[in-house]
Amino acid sequence: MKNWLILHVHVFLSALRKFFSTPLSSLFNILVIGIALSLPAGMYVMLKNIQNLAEQKIASPQISLFLSMDTSKDDITRIDRQLKQHAAVGQARFVPREQALEQLKQTTGLEDVIGGLEHNPLPDAYIVHPKISDASALKTLKHELQRWPKIEHVQLDLDWVQKLEAILKFGLMAILILSMLLGFALVAVTFNTIRLQILTQREEIEVSRLIGATSAFIRRPFLYFGLLQGLLGGAAAWFIISISLYMLNSNLSQLTDLYSANFTLHLPSTEDQLALLLLSACLGWMGAWLSVSQHLWKIEPR
Amino acid sequence: MIQFSNVCKRYPGGIDVLKNISFTIGEAEMVFLSGHSGAGKSTLLKLIAAIERPSSGSILVNGQNISLIKDGALPFLRRNFGLIFQDHKLLYDRSIFENVVLPLKICDFDHRESAKRVRAALDKVGLLNREKANPIALSGGEQQRLCIARAIVNRPSILLADEPTGNLDTEYSGEIMKIFRSFHQVGVTLVISTHDEGMLGQFNGRVLALKNGELHP
């Protein structure tokens, strides 16, 4: 086990050495990979930022609860408590029927008509701001509230949520397609790098075969190299995104100041960054594996 | 230890390089393969190391039928052999030490132990003080000795040498043969091919004479 570990560390270190023994071509390789990955990853970061902005600042979904006309004070206290305890409810504001009528008078200018009414036709109501923003979860919440006693009608305005979701879905799909295409590019770049390496190391491979090296032993350094190149390419992509966001943010602040708003672009979460590195390392490994399985068997000792 | 029964080898194109070869080489024996170039010496050595497969017949090495061996088991079979090539097959992108340590790395050998073994092997062929040099800096005879050091470093039970003295003058070949004789004395099985009839006279090893792909008694 210890020998096995030492072996792998050695192979990794020699891959690292090989990588830095041709610094310029290695640099260009990771730049190509980095740029290819930074396009979809950068678009994803932008999309996430837009999503955040839309959910937090532009509008949040609102649910109106209209109570029955015969609701008692006790019922209202109960509903109040239930709403406050509910996990999905962020804020709930009670609007008494008198206040609602008053507002109606002021906003519509129908004072005379309303004044002529014998009694207040409006019910007591709650304006609920949910913590969730997902359309289907909101619908579930609506149905749940509907079933509470003394609640006559629940109104949920889903229009903008659905629009936003559709736009985000569209954006995500575009990013997915782009990622797949550029992921192939990464695999292709690694495939070619490893192919060249196999050709230049033909003699070493041949000799190793002759003195009893297993295929796994011969494959290993190439796979590590592909992994390393992918990993560094991913790191380059992350670096490119960070620099771009930094530059955009300094310009963005001038823009938001004019609108007296406060908004900055945020870096992707640690999970997303790790996922990027992991994915690019995997793709590099895959490119190397394809290349090795395509080219290595052709080198047979003679 | 090595047993050939009715072995034929035909290369694509219909040329029969070996015809109906049968012989047995016992443990710790030193055997010379003689014959002109093109007689099939190299092919015969390649068949023993499973670099080539026979067209018919069977080859047993340590009781294992290597004409039936699977590709996955091939590396482990080859570790029983030390191979010495006429063209050395050294790697010129690394030091002499790195060249010799390669077979041990392949066998996943302990790091410190392998350094000891490499130095012992280099000492045996008289290259101990050159371990940091590049093989390109060595003379032809020294390169051949380096190739021998690499072949013996994992202490194989069988040494196969294809024309080890082919390109060397008599002084150098004498040195190489002296090294081989010392391995023979410690019980290593040796199969050495040569076209140098003069050399055979100096040793009392058995000679397998090949002529046009056939064994002549």
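User: Which element gives the most to the lining of the second largest pocket?
Analyst: This is a predicted model: local features need pLDDT of at least 70, side-chain atom pairs count only at pLDDT 80 or more, and totals for chains, interfaces and linings use all residues, while side-chain values use heavy atoms, without hydrogens and water. Helices (DSSP runs of H or I, at least four residues) and strands (E, at least two) are numbered from the N terminus. α2, α7, α9 and α10 (270-295) of chain A each supply at least two lining residues. The top contributor, with eight residues, is α7(A).

User: What volume does the second largest pocket have?
Analyst: A pocket is an open set of points on a 1 Å grid over the protein atoms alone, with protein on both sides within 12 Å along at least five of seven lines; lining residues have an atom within 4 Å of a point. Points are joined across faces, edges and corners, and a volume is the space filled by probe spheres set on them. For the second largest pocket it comes to about 520 Å³.

User: How many residues of the lining of the second largest pocket are nonpolar?
Analyst: The lining has 23 residues, and those nearest the centre are Pro40(A), Ala41(A), Ser179(A), Leu276(A) and Leu279(A). Ala, Val, Leu, Ile, Met, Phe, Trp, Tyr, Cys and Pro count as nonpolar, Asp, Glu, Lys and Arg as charged, and the others, Gly among them, as polar. Three lining residues are polar and one is charged, and the nonpolar ones number 19.

User: Which residues lie closest to the centre of the largest pocket?
Analyst: Residues are numbered from 1 along each chain as its sequence is written, and chains are lettered from A and ligands numbered from 1 in the order written. The largest pocket holds about 1,400 Å³ of space. Of its 47 lining residues, the closest to the centre are Ser14(A), Arg17(A), Glu204(A), Arg94(B) and Lys105(B).

User: Which element gives the most to the lining of the largest pocket?
Analyst: By class, this lining has 19 nonpolar, 16 polar and 12 charged residues. The most, 10 residues, comes from α1(A).

User: How much area is buried between chain A and chain B?
Analyst: In this pairing, 17 residues of chain A are in contact (heavy atoms within 4.5 Å) with 22 of chain B. Buried area is the accessible area (1.4 Å probe) that two parts lose on being put together, summed over both. Carbon and sulfur atoms give 63% of a total of about 1,800 Å².

User: Which residue of chain A meets Lys89(B) in a salt bridge?
Analyst: A salt bridge needs a side-chain nitrogen of Lys or Arg within 4 Å of a carboxyl oxygen of Asp or Glu. There are two between chain A and chain B. In one of them, at 3.6 Å from N to O, the partner of Lys89(B) is Glu206(A).

User: Which element supplies the largest share of the side of chain A that touches chain B?
Analyst: Two elements, α1 and α8 of chain A, each supply at least two residues of that side. The largest share, seven residues, comes from α8(A).

User: Which strand gives the largest share of the lining of the largest cavity?
Analyst: A cavity is a set of grid points where a 1.4 Å probe fits but cannot get out. The largest one holds about 40 Å³ of space. Its lining includes Ile211(A), Phe81(B) and Arg150(B). The largest share, three residues, comes from β6(B).
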